[in-house]
Amino acid sequence: MDYFPDAFWQTLGLTVRLAATTTLILLIVGIPLGWYLASARHRLKPVFEALVSMPLVLPPTVLGFYLLLAFSAESPFGSWLDSTFNIQLVFTFSGLVVGSIIYSLPFMVQPIQSGFESLPAHLAEASYTLGKSRWTTLTRILLPNIRASVLSGLVLSFAHTIGEFGVVLMIGGNIPGKTRVASIAIYDEVEGLNYALAGQYASVLVIFSFCILLVIYSVNARKPGLL
Amino acid sequence: MIGLHFRKKLQAASGVITLTVEQEIAPHQLIAITGPSGSGKTTLLRLLAGLSKPESGFLRFGEEVWLDTERKVFVPPQKRSIGMVFQEYALFPHLRVGANLRFALQKDGDTKIIQELIDIMELGQLVDRFPRQLSGGQQQRVALARALVRQPKLLLLDEPLSALDTDLRQRLQDYMLRVHHQYGLTTLLVTHDFSEISKMAEVVWRLEEGMITYAGPPANLERPRNWAETTLVGTVVRCQSLPGGVLLTVHLPSGQLIQIPYLGTVPPGPGEKVPVAIGGPGRVDLGIWG
């Protein structure tokens with residue numbers, strides 16, 4: 001018996017690709033969103049905060065269910081995407097990415113938001129009085145001072161996407177090489193009574209999760225922020 | 001000439017007050033702003049800097065209109081020729097002193113100004129240090145130098161020396177006076193220290209509950225009962241509870257030992273540093289004026 005079949009590597013590769021794509025997009029979305037939430041004095045701010053954090057408390061299947069309805073070709077949104085951009089999100093990798101972004105959003109936004117909130121207001125203000133734009137202030141003053149928070153957001157989003165199951169199963173299904181990620185594969189192999197392969201997936205995920213958390217805690221211990 | 005007219009509601013300890021200020025400032029003047037805590041001093045500086053917006057108001061700097069709420073004109077801080085020094089210094093913690101100064105350089109700015117300021121403020125030994133490796137006085141000198149890199153016309157100083165002891169304070173006052181004259185600045189300085197006002201300012205504004213209650217030369221400024229002529233930081237040697245109240249024995253930097261009644265609620269213990277306000281002749285008070 002081939003100890004690590006090709007399908008094993010294919011599934012792990014897909015899992016990492018999904019997590020990496022999701023994390024990258026979340027970084028681009030999370031920084032402005034976290035900054036906005038940290039600095040907003042808006043009446044509607046709690047509404048935005050609640051929406052961002054919803055995936056923390058909702059069962060993933062609930063989220064997956066609504067996403068499935070929204071993405072399906074019969075829904076107005078799904079058919080609009082299909083007819084305008086020729087994009088199908090049900091049972092596709094793109095659909096998994098969109099679902100994962102929503103699902104892991106709080107894991108990126110919350111550390112970044114609290115990082116920004118921990119910075120004294122006068123840092124940004126000093127930069128403005130030195131003639132610097134909001135963009136320069138963000139990239140050269142604020143972000144370098146919340147590096148640890150951004151790193152936490154990156155690692156947590158990546159790890160959380162690796163571990164997702166419910167959302168993927170609802171909108172992605174279990175198509176090898178397309179939407180079958182490691183957590184789904186474990187479930188599938190156990191159902192097929194193939195405990196050896198399920199064990200391989202599971203042990204990879206255990207080791208991977210431990211290493212990631214080890215990295216976070218070591219980095220945070222060595223560089224306890226500059227403030 | 002600077003013309004300003006601001007109205008802004010503020011949340012103060014005593015409730016909501018309305019900051020209402022209408023003044024003119026002659027070019028190259030050094031104005032001290034003083035008054036109790038929560039009277040709107042910092043807000044006034046922030047309004048001049050463009051870090052806060054008033055409910056209604058007008059601000060003209062020379063020929064430029066920086067703010068006109070009626071015509072919806074608002075020039076952001078980036079476009080105002082200002083330098084600001086914050087009470088907490090606000091140095092960028094991830095940048096060395098040199099990089100803190102270079103960050104302030106404008107796109108077409110002349111790098112010579114940085115070396116010039118390093119020389120004036122005597123920062124040569126410190127350029128490779130991070131802010132956390134500097135003492136309070138050194139950080140304040142860097143903050144002042146950084147505010148001047150942009151070569152502003154208006155310098156705003158928000159209690160820049162309040163955390164420093166007397167000797168250091170006097171040296172920094174000299175630095176501030178030097179740059180004020182050398183660069184032909186118009187300077188607004190928020191301070192509680194009466195000796196600082198008399199030494200530095202040509203004009204003083206006293207702000208109380210959001211209103212200017214005095215504007216004129218420092219010599220004519222009436223000193224309120226709890227006004228400090230100057231403040232020293234002393235070390236408590238002994239703290240005695242007597243029938244009439246608490247009596248502190250304080251060791252002053254000059255070596256002198258003095259006994260003063262403590263007027264607050266939680267007396268400091270031996271070894272703690274306390275601000276001591278030296279009032280009129282022979283009158284000594286603990287500083288509790290914010």
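In the predicted model, A:Val155 is partly exposed, because 18 other C-beta atoms lie within 10 Å, and a residue counts as buried at 20 or more. A:Val155 sits in helix α8 of chain A, which covers residues 147-162. Contacts of this residue beyond its neighbours within four places in sequence were then examined. A:Val155 is in contact with A:Ile212, A:Val215 and A:Ile216. A further pairing is with A:Phe107. The two residues, A:Val155 and A:Phe107, are 48 residues apart in sequence. Their C-alpha atoms are 8.9 Å apart in space.

The interface between the chains was considered next. On chain A, 17 residues are in contact with 17 residues of chain B. Two elements of chain A each give two or more residues to this side: α6 (121-129) and α7 (134-145). The largest share comes from α6(A), with six residues. By class, the side of chain A that touches chain B holds nine nonpolar residues, five polar residues and three charged residues.

Chain B contains six helices and 16 strands. Its C-alpha atoms fill a box of roughly 65 × 45 × 30 Å, taken along the principal axes. The radius of gyration of chain B is 20 Å. This value agrees with a compact globule, because such a globule of 290 residues would have a radius of gyration near 19 Å. Of the 290 residues of chain B, 37% count as buried. Contacts in chain B were also sorted by sequence separation. Among those with a separation of 6 or more, 65% join residues 24 or more positions apart.

Chain B is divided into two parts, domain 1 (2-220) and domain 2 (230-286). The C-alpha centres of domain 1 of chain B and domain 2 of chain B lie 31 Å apart. Contact between them involves five residues of domain 1 of chain B and five residues of domain 2 of chain B. On the side of domain 1 of chain B that touches domain 2 of chain B, one residue is nonpolar, two are polar and two are charged.

Note on methods:
Residues numbered from 1 in each chain as written. Chains lettered and ligands numbered in written order. Predicted model: local features only at pLDDT ≥ 70, side-chain atom pairs only at ≥ 80, totals over all residues. Helix = DSSP H or I, 4+ residues; strand = E, 2+ residues; numbered from the N terminus. Rg over C-alpha atoms; globule rule 2.2 N^0.38 Å. Buried ≥ 20, exposed ≤ 12 C-beta atoms within 10 Å, placed from the backbone. Contact = placed C-beta atoms within 7 Å. Domains from an automatic or database assignment. Nonpolar A, V, L, I, M, F, W, Y, C, P; charged D, E, K, R; others polar.
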